[in-house]
Number of protein chains: 2
Amino acid sequence: MSIHALTTEDLGSSAQRERRERILDATITLASQGGFDAVQMRAVADRADVALGTLYRYFPSKIHLLVTALAREFERTEAALADSRIEGDTPADRVVTVLRWTTSGLEDDPHLTEALTRAFMFADRSVATEIRLVARLLTRIVTHAMHPDRDEVDDEDVAIARVVGDVWLASLVGCVTGRSTTAETVAHMERAVRLIVR
Amino acid sequence: MSIHALTTEDLGSSAQRERRERILDATITLASQGGFDAVQMRAVADRADVALGTLYRYFPSKIHLLVTALAREFERTEAALADSRIEGDTPADRVVTVLRWTTSGLEDDPHLTEALTRAFMFADRSVATEIRLVARLLTRIVTHAMHPDRDEVDDEDVAIARVVGDVWLASLVGCVTGRSTTAETVAHMERAVRLIVR
DNA sequence: TCTCGAAATGGAACGTGTTCCCATTATGTC
DNA sequence: GACATAATGGGAACACGTTCCATTTCGAGA
């Protein structure tokens with residue numbers, strides 16, 4: 001397995017950018033229909049109208065593919081949140097709002113959630129770059145909810161946001177593994193946030 | 001894949017109990033030598049002197065196998081902790097002590113840590129029983145550190161312990177995916193515990 | 001327009017988790 | 001001890017992630 005996936009900048013031609021988008025679209029579609037197991041590399045290649053070898057040239061493994069798709073979703077989420085005013089008077093309230101909002105999005109598409117979560121959790125060191133990107137996005141989403149007005153945040157806030165992110169991920173895993181229902185997950189997250197964010 | 005793994009109670013004969021233990025021992029040995037990828041079902045079967053079909057009769061998947069092995073490790077950890085006096089004057093101090101202790105154990109055997117963590121994180125609903133067992137053990141270990149004297153704990157404590165467990169798991173994932181070093185992980189966990197446990 | 005190197009294609013092939021089958025062996029009952 | 005049943009052994013077979021290669025297509029520069 002090669003070390004690096006092709007990043008957006010590497011792709012000169014627009015045909016390549018389009019191929020890349022088609023691949024990620026196909027990934028999301030399949031994931032959303034049948035979850036992690038349904039994202040089969042041959043199926044992704046077929047649906048994206050791309051040869052298997054090409055798929056592997058763009059994304060060196062199924063995990064890279066899914067984690068990159070997750071990063072793209074997060075980027076869209078962040079973009080959507082950047083524009084909108086977040087409900088809530090205190091940082092904790094706003095973080096809860098964002099988590100609720102995100103979680104309900106996931107609830108609407110449990111297969112997709114399962115696929116992306118499991119990929120993220122199963123990743124190993126070779127996916128470090130993509131993982132870091134996702135972690136950074138998640139932290140930014142949380143810190144932005146805490147302080148929508150600020151552009152800069154201090155270390156303390158980042159640490160808090162990371163803990164919130166940890167709880168969020170662990171909660172997702174709990175949901176995906178059937179350890180807890182969505183309602184329980186939301187309640188747990190809310191309780192955790194009120195413990196952590198003050 | 002069948003739904004249930006054979007639990008200890010199901011195994012009448014001592015030959016069966018021994019086989020089961022041999023399988024789990026082989027799993028730990030292989031995991032500790034080469035991590036998740038080295039735990040290959042044929043290799044486990046060979047080393048445990050058991051046929052592949054028998055292995056699958058005892059543990060319906062590689063994930064069941066690894067998560068069960070993790071549960072056994074946790075049971076031993078809990079037993080070891082139950083006897084010993086835990087250093088620290090406050091609940092937070094004691095929780096930090098326990099996490100440090102456990103984490104250093106994992107640091108000594110990074111391959112094993114990687115194998116067990118990734119299995120736990122990759123598990124799906126079919127492993128719910130084993131996952132729940134592990135989660136219960138983890139919660140008990142933390143609540144016991146918080147209140148070594150009490151036998152009963154209230155809901156609040158359980159909620160707190162679950163958040164701590166969440167952070168611990170997310171930190172492990174961070175370690176395994178190469179997002180953070182062991183030192184960073186320990187620091188992050190410690191900071192989180194002091195935020196959460198009061 | 002032609003040429004050349006890079007990218008894409010189509011498909012074979014390999015490794016490992018998982019399933020299946022059936023002959024053999026242990027286990028428990030009469 | 002003989003039998004019925006279940007458990008085990010041994011190994012082939014299948015599925016899907018991944019690799020590899022021969023061939024074709026594409027696109028930029030002469």
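**Close-up 1. Helices α1(A) and α6(A) packed together.** In this predicted model, α1 (residues 14-34) and α6 (residues 110-122) of chain A pack at an angle of about 115°, their axes 6 Å apart. Helices here are DSSP runs of H or I with at least four residues, strands are runs of E with at least two, and both are numbered from the N terminus. Axes are lines fitted to C-alpha atoms, for helices over the stretch in contact, with angles running from 0 to 180 degrees between N-to-C directions. α1(A) and α6(A) are therefore roughly perpendicular (65 to 115 degrees; under 35 is roughly parallel, over 145 roughly antiparallel, the rest oblique). The crossing of α1(A) past α6(A) is right-handed (near helix turned clockwise from the far one by less than a right angle; anticlockwise is left-handed). On the α1(A) side you'll find I28(A), A31(A), S32(A), Q33(A) and G34(A), and on the α6(A) side H111(A), L112(A), A115(A) and L116(A). Contact means C-beta atoms, placed from the backbone, within 7 Å.

**Close-up 2. α6(A) again, now against α8(A).** Here α6(A) meets α8 (residues 155-176) of chain A, with axes coming within 10 Å and crossing at roughly 120°. That makes the pair oblique, and α6(A) passes α8(A) in a left-handed crossing. T113(A), E114(A), T117(A), R118(A) and M121(A) of α6(A) touch L172(A), V173(A) and V176(A) of α8(A). Sorted by class, that's four nonpolar, two polar and two charged residues (nonpolar: Ala, Val, Leu, Ile, Met, Phe, Trp, Tyr, Cys and Pro; charged: Asp, Glu, Lys and Arg; polar: the others, Gly among them).

**Close-up 3. Where chain B touches chain A.** 30 residues of chain B are in contact with 30 residues of chain A. On the chain B side, α6 (110-122), α7 (128-146), α8 (155-176) and α9 (182-196) each give two or more residues. α8(B) puts in the largest share, eleven residues. The chain B side splits into 18 nonpolar, four polar and eight charged residues.

**Close-up 4. V67(A) in the largest nonpolar core.** Among the 118 residues of this core, V67(A), A119(A), V164(A), V67(B), A119(B) and V164(B) touch the most other members. A nonpolar core is a set of buried Ala, Val, Leu, Ile, Met, Phe, Trp, Tyr and Cys residues joined through C-beta atoms within 7 Å; buried means 20 or more other C-beta atoms within 10 Å, exposed 12 or fewer, partly exposed in between. Leaving out residues up to four places away in sequence, V67(A) touches A119(A), F120(A), A123(A), V127(A), E130(A), I131(A) and V134(A).

**Notes.** Residues are numbered from 1 along each chain as its sequence is written, while chains are lettered from A and ligands numbered from 1 in the order written. Local features need pLDDT of at least 70 and side-chain atom pairs count only at pLDDT 80 or more, but totals for chains, interfaces and linings use all residues.

Terms used. Two residues are in contact if their C-beta atoms, placed from the backbone, lie within 7 Å.
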